[in-house]
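Subject: The structure we talked about

Hi there,

Here is the structure I promised to pass on to you. Have a look at it first, and then read on for what turned up in it.

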Amino acid sequence: MATENPFKTILKTLEKPDGGEFGKYYSLTALNDPRVEKLPYSIRILLESAIRNCDEFQVKSNDVEKIIDWENSSPKQVEIPFKPARVLLQDFTGVPAVVDLACMRDAMNRLGGDSNKINPLVPVDLVIDHSVQVDVARSENAVQANMELEFHRNKERFGFLKWGSNAFDNMLVVPPGSGIVHQVNLEYLGRVVFNRNGLLYPDSVVGTDSHTTMIDGLGVAGWGVGGIEAEAAMLGQPMSMVLPGVVGFKLSGKLRDGVTATDLVLTVTQMLRKHGVVGKFVEFYGEGMSELSLADRATIANMSPEYGATMGFFPVDHVTLQYLKLTGRSDETVSMIELYLRANKMFVDYSEPQLERVYSSYLELNLEDVEPCVSGPKRPHDRVTLREMKADWHSCLDNRVGFKGFAVSKDSQNKIVEFSFHGTPAHLRHGDVVIAAITSCTNTSNPSVMLGSALVAKKACELGLEVKPWVKTSLAPGSGVVTKYLQKSGLQKYLNQLGFNIVGYGCTTCIGNSGDIDEAVASAITENDIVAAAVLSGNRNFEGRVHPLTRANYLASPPLVVAYALAGTVDIDFETEPIGLGKDGKKVFFRDIWPSNEEVAEVVLSNVLPDMFKATYEAITKGNPMWNQLSVPSGTLYDWDPKSTYIHEPPYFKDMTMSPPGPHGVKNAFCLLNFGDSITTDHISPAGSIHKDSPAAKYLLERGVNRRDFNSYGSRRGNDEIMARGTFANIRLVNKFLQGEVGPKTIHIPTGDKLSVFDAALRYKNEGQDTIILAGAEYGSGSSRDWAAKGPMLLGVKAVIAKSFERIHRSNLVGMGVIPLCYKPGEDAETLGLTGHERFTIDLPKSVSEIRPGQDVTVATDNGKSFTCTLRFDTEVELAYFDHGGILPYVIRNLINKKH
């Protein structure tokens, strides 16, 4: 049972400078413990949270001691509870979260509990940003046209979210057309310090989007979790986490002229991937910090998932306070933030001598060493400097198929395909750019790269350069502020002239909502097997994500996106080859259109103003006419419509009783899929378009849905029937059973039939057979996606055996009651001689009290082979979830049993 807080003696008052008080706070200095002074700033936030929430039940004083003793305890992988101050959702992950909450209310009702107990206990902000697609581009009318299509496709989902914002307490829904969740979080939602009912504490957030880490640039501790964990956090459950090591990353010097924040983040991503930071925090410090604007810091923090860290943290300093003022936060709020953080030893003042903090390991980068670069063609950490780009592209054409290879034969590397584009003669070669998108919170939140791209456009227009009409160009800012400063600077017209008209306010191309490529271009690519390219200012470029027809996808800064659009190809050496011919037939080079850092800084200073932020965000919750006209039911229990293809009551609690089902082993299971390394959540649960021949398409057609209204998998995440059919439906799936054939199929082992993954799983289920998955390293990397765990569970998958798991995906599997197992180091399916045609038995004790986190487990096969794996339930809490059949049943039973 919970007791009163044993730390109440360290509650202190924070006085206002002019008399009166801001409120009370738990003082870290009042602990009088010298170890606190040496803690990294990011760990101090975990410490304050543990102290404030200590009730000797969910959070114990022993947990507080573990955190204070971080230097000694973190290498031991100790477990701590963490209760974030708030939860952040976007609509793709938010819809299933609200579906689950609505479904949990029904389950509470059926079991005789109080359904109103299912309510967020912490503030929940949901930003609708993942639904807009680039259907219309290169048009003055694009924003309105795309928004109308977005509402037409998503009316039902939007209505459901609007119902949720009324039915649940503590839930703010930011309507479509407002911006990208992480940019809105940075510019508006981020509190930095909370003052709730007179108690002050640091802002912290978990979000159902892996790039929630962007807020770390503002000194707010935040990271991505699965939707399942987020729901538990909303309902007051502490998150169980391993106390992380912290990599100290020292920055010195300043960026050279012409180098952007994007070049810096791609460099940092590559360095940290090499260093190995999975499951760790990275904390930035050093004199180079004063040279980094807050937007630059946010760009680096944003890509934490790409370098593998839980968080890329920038403690609050004077730069942070200036940004808070710039974005329209009130003077009193900024003053409270500064006074609280100084009083609680969480503010960095670079004008004072710095105390040496202890880190788990150290890295250093001189900003002067960063050079212009891109990343690709298939992974965010495969950085290529601009000067090596042409040579790298040619080696990618030569190399065998892989992350850096397309295996195009020498004789066809230079082929030119002629076609007609709306009556204009056109041509395509390998490496030609067919999508050029200024997109994604990573970069559109950064005025220097946005205005930098507009300056490139201006210089190009003045010299008479044009973008070929068959290149699909688009600009999708992360907030309305971007439009305001682009217009005030008078530069938007040059972007429009090159086809970079604003298409909407949302994620668009970065998450695969790039819309169709013109049919003539698409046919030229597919009929001639052209390796076409997309260049985008996003953060992910996994194969099949950006667009099914762009096999090469490069991440680049917004100004480079414009430069590559003008060049029309990635097969170019910007140093020696011209981008194009100007109006007088003269060659125009990259250096002729590239602005200096000084030019960019000048435009930023005179055009990015506090009033723009105030005006944008005052209007944000008022919504827009289309949103305001949506009529929604008023009840607190949702009235499920069995005919809906968007919102469907999931089966998780159908036969739930008050007693936990207990742990399950696996008996004589067949292998459903046999994978190699780097299977991402995009492979497991695609977010993009629904292929016309897929099981999900068949389901929709049977229900009278037209093909043009299929929408994307991401938009249909509120319907378990579609999501189960969409599990492993990625057209680029590589399954060893298919011996080189690529696609969403597998072999039904007993018969040898080749079936879609869904149909094979269904056949196994109907025969009462368990299934497992064999996988390589980094299984489940990529976007945090709860359906990548819910889907396999609904398909009947009982366990996944892999070399290693991505952090969020492993915990999501646990949350859905699927057993994650790791081979022993140096072992995998190949070294053990497993073909996947065996039958697998995993014996686990019947009582959860006999299972230990991380223990060894024997996997036996029907041909006499057996091998040992590590059971990847990492904490006691995870074992409790497993005992209950998953995290959601655990929460429901707990809430019903809660007497205090």
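To start with a question: in which hand does α5 pass α6, left or right? The crossing of these two helices is left-handed. Please keep in mind throughout that this is a predicted model.

Two helix pairs

Let me stay with that pair for a moment. Helix α5 covers residues 91–110 and helix α6 covers residues 142–167; their axes come within 10 Å and cross at roughly 55°. If you want to find the contact on screen, pick out Asp-91, Phe-92, Gly-94, Val-95, Val-98, Val-99, Ala-102 and Arg-105 on the α5 side. Their partners in α6 are Arg-157, Phe-160, Leu-161, Trp-163, Gly-164 and Ala-167. Sorted by class, the residues where α5 meets α6 are 9 nonpolar, 2 polar and 3 charged.

The other pair is helix α8 (residues 227–234) with helix α30 (residues 807–815), whose axes come within 8 Å and cross at roughly 70°. That angle makes α8 roughly perpendicular to α30. Gly-227, Ile-228 and Glu-229 of α8 make this contact with Ser-811, Asn-812 and Gly-815 of α30. By class, the contact of α8 with α30 has 1 nonpolar, 4 polar and 1 charged residue.

The nonpolar cores

The largest nonpolar core holds 252 residues, and Trp-223 and Tyr-779 are the ones that touch the most other members.

A closer look at one residue

I also picked out Met-450, which sits in helix α16 (residues 447–462). Is Met-450 buried or exposed? Its relative accessible area is 1%, and under 20% counts as buried, so Met-450 is buried. Setting aside neighbours within four places in sequence, Met-450 is in contact with Ile-438, Asn-443, Thr-444, Leu-475, Val-482, Tyr-485, Leu-486 and Pro-558. One of these, Leu-486, is 36 residues away from Met-450 along the chain, yet the C-alpha atoms of the two are separated by 8.2 Å.

Backbone details

- The peptide bond from Gly-376 to Pro-377 is cis, with omega near 10°. Pro-377 is in the loop between β16 (373–375) and β17 (383–385).
- Arg-138 is not a glycine, but its phi is positive, near 55°. You will find Arg-138 in the loop between β5 (124–127) and α6, and with 30% relative accessibility Arg-138 counts as partly exposed.
- Gln-739 also has a positive phi without being a glycine, near 50°. Gln-739 lies in the loop between α27 (720–725) and β27 (745–748). At 73% relative accessibility, Gln-739 counts as exposed.

Enjoy exploring, and do write back with any questions.

Best wishes

Key: Residues numbered from 1 in each chain as written. Predicted model: local features only at pLDDT ≥ 70, side-chain atom pairs only at ≥ 80, totals over all residues. Heavy atoms only, no water. Axes fitted to C-alpha atoms, helices over the stretch in contact; angles between N-to-C directions. Helix = DSSP H or I, 4+ residues; strand = E, 2+ residues; numbered from the N terminus. Left-handed = near helix turned anticlockwise from the far one by under 90°. Contact = heavy atoms within 4.5 Å. Nonpolar A, V, L, I, M, F, W, Y, C, P; charged D, E, K, R; others polar. Parallel < 35°, antiparallel > 145°, perpendicular 65-115°, else oblique. Core = buried A, V, L, I, M, F, W, Y, C linked by side-chain atoms within 4.5 Å. Buried < 20%, exposed > 50% of the residue type's maximum accessible area, 1.4 Å probe, protein only.
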